[in-house]
Amino acid sequence: MSGGSRRYVDRATETMSPAELARLQLARLNEFLDRGVWGNEWFAPRLGARREIRSLEQWRELPTMTKRDVMADIAEHGPYGRRATAEPADVRQVVETSGTSGQGRERYPVTGHDLDLIQQMEMPGFAWAGAGPGSVVLSSLPVTTRAGGQWYQDAVRRLGAVWLSVGTYPAEEKLRYLREIGADILVASPSYLMRLEIVAAAEGVRPADLGVRAIMTAGEPFSVAWAREREAVWDARLHEQYGSTQRAIAWSCEEGAVHGDGLGVLHVLPHLAVYEVIDPATGEEVGEGEHGELVITPFGSTAAPLVRFASGDRVVKVGAGDCPCGRPYPGLRCGRIDRYDAMTKIRGVNVVPSAADALLLQHPVTDYQARVYSDERTGREELEIVVAAVGGPPDAGTLAVLADRFRQEFGLRATFVAHEGPTLVADVAVDAKKRKRWTDERAPMRRGAPV
Ligand SMILES: [Zn+2]
């Protein structure tokens with residue numbers, strides 16, 4: 001795609017020099033701090049007295065906060081915590097995270113000011129994927145009290161596109177919408193995209209005939225091979241979003257989630273938040289191409305501020321010049337967002353699921369499911385990996401190659417087993433639960449314990 005056909009949504013910022021963008025970011029950061037952070041009784045003992053932030057080096061001296069801090073604040077001062085200082089009349093929206101059983105819900109009020117900035121964070125990726133007046137976005141993501149669906153919907157409508165809110169309908173019904181009304185952009189997680197392909201095949205429908213031009217995916221790691229296969233099946237470009245309720249948001253541009261034979265760039269938006277990629281061991285910003293924890297300070301969080309929120313998301317940092325689009329925005333590597341708590345320790349070896357994905361999800365392998373368990377007889381930790389491939393179950397030779405590759409990469413022996421069907425995706429009805437390729441069946445106390 002040539003420079004002239006860029007789909008700018010904020011031309012002034014998207015064509016700025018990196019130096020101008022850095023100045024704008026610092027100015028907006030100080031505005032945000034003045035608006036809701038300095039003088040906030042929850043932050044005062046943590047951050048100290050008001051001062052102007054003059055550099056990101058100075059910024060990194062401030063402490064980080066975590067989900068645990070937010071949950072404790074909400075538990076003590078419900079429903080939004082002591083951090084929340086917005087007047088009730090200014091609140092326009094409330095979002096909650098899914099939460100796990102037994103714990104409370106992480107919850108944020110959002111003012112009109114915040115909502116405007118959040119929409120500015122949510123619009124770019126949809127615009128870059130082609131959303132605008134005259135286009136239709138069909139979302140398999142349900143709109144609930146969670147942030148994701150609401151913010152996608154707000155952004156798509158603000159761009160002037162039609163939002164087909166079919167997230168709560170069965171896959172067959174979603175396909176009916178695709179056949180009868182059609183959509184330019186299809187929003188689906190990697191797992192749910194596979195689910196739609198299976199249902200389409202059962203109905204004798206070729207996804208490529210549905211007229212979808214772009215797929216917007218999010219929430220699970222994937223490989224180049226997987227992405228290219230989806231693009232061929234749907235005859236559409238695959239785009240990716242990275243997003244969280246805490247407003248760590250990034251998008252692939254017109255170039256899509258895969259560039260050539262490599263994974264593309266999720267552009268961050270430095271004029272709307274401070275994105276840091278921090279080495280959890282040292283607290284220092286990592287270099288380009290290195291992985292670390294995403295730490296976010298979104299300017300659209302004045303109602304209940306988030307300052308240096310350590311996300312627990314493991315990301316790979318990418319420099320601003322890495323993408324051919326020429327935007328000044330640096331980014332994160334597409335398909336490589338993972339949770340630190342998704343890391344599995346087997347026989348003393350750490351395995352990051354996305355690293356295993358990168359290794360295993362190559363032609364002819366389409367999918368796999370890994371299971372860690374303790375052998376009842378030997379007490380030894382075992383790893384079994386069930387593999388699906390194009391054209392039927394993989395043969396013994398393919399399984400042997402995979403086992404060898406896996407052992408070389410991770411220093412771990414695993415039992416590779418052929419799966420009979422084309423995909424291992426469970427029969428999920430609604431696109432709201434993230435699929436885990438790795439399951440751990442060891443007793444909780446033994447997980448990660450040296451054997
Ligand atoms: Zn780009």
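Visitor: What is the strand order in the open sheet of four strands, and what kind of pairing does it have?

Guide: The order is β21-β20-β19-β22, and the pairing is mixed. First, the ground rules. This is a predicted model, in which local features need pLDDT of at least 70 and side-chain atom pairs count only at pLDDT 80 or more, while totals for chains, interfaces and linings use all residues. Residues are numbered from 1 along each chain as its sequence is written, and side-chain values use heavy atoms, with hydrogens and water left out. Helices (H or I, at least four residues) and strands (E, at least two) are DSSP runs, numbered from the N terminus.

Back to the sheet, with its order β21-β20-β19-β22. Its edge strands are β21 (415-418) and β22 (438-440), each pairing on one side only. Two strands pair if DSSP finds at least two bridges between them. From one strand to the next, the twist averages 20°. Strand β20 (residues 381-389) runs parallel to β21, and four bridges join the two. Across that pair, E384 stands opposite T415 in β21. Helix α12 (residues 396-410) packs on this sheet and touches β19 (365-374), β20, β21 and β22. The direction of α12 makes about 150° with that of β21. Axes here are lines fitted to C-alpha atoms, for helices over the stretch in contact, and angles run from 0 to 180 degrees between N-to-C directions.

Now the cores. A nonpolar core is a set of buried Ala, Val, Leu, Ile, Met, Phe, Trp, Tyr and Cys residues joined through side-chain atoms within 4.5 Å. Buried means under 20% relative accessible area (1.4 Å probe, protein chains only). The largest core has 104 residues, and those with the most contacts inside it are L29, F126, V137, W234 and L332. Helix α6 (residues 112-128) gives this core its largest share, eight residues. Apart from it lies another core, of 22 residues, V365, V372, L412 and A414 among them.

Next, helix α8 (residues 171-180). Its buried residues are A171, K174, L175, Y177 and L178. They lie on the same side of α8 because they cover an arc of only 155° around the axis. That arc is taken over the directions from the helix axis to the C-beta atoms. Their cover includes β3 (136-139), β4 (162-165), α9 (190-202) and α10 (224-234). Just after α8, G182 takes a positive phi of about 85°.

Helix α10 also holds E231. This residue counts as buried, at 13% relative accessibility. Not counting residues up to four places away in sequence, E231 touches A236, R237 and L238, a contact being heavy atoms within 4.5 Å.

P142 sits in the loop between β3 and α7, with 9% relative accessibility. P142 and G167 are 25 residues apart in sequence, yet 3.8 Å apart in space, C-alpha to C-alpha. Q150 is in helix α7 (residues 147-158), and is buried at 15%. Its side chain makes a polar contact of 3.1 Å with that of Q93. Such a contact is a pair of N or O atoms within 3.5 Å; within protein, one must be able to donate a hydrogen and the other to accept it, and residues adjacent in sequence count only if both atoms are side-chain atoms. A polar atom of the Q150 side chain also lies 3.3 Å from the backbone oxygen of T145.

How values were computed. Buried < 20%, exposed > 50% of the residue type's maximum accessible area, 1.4 Å probe, protein only.
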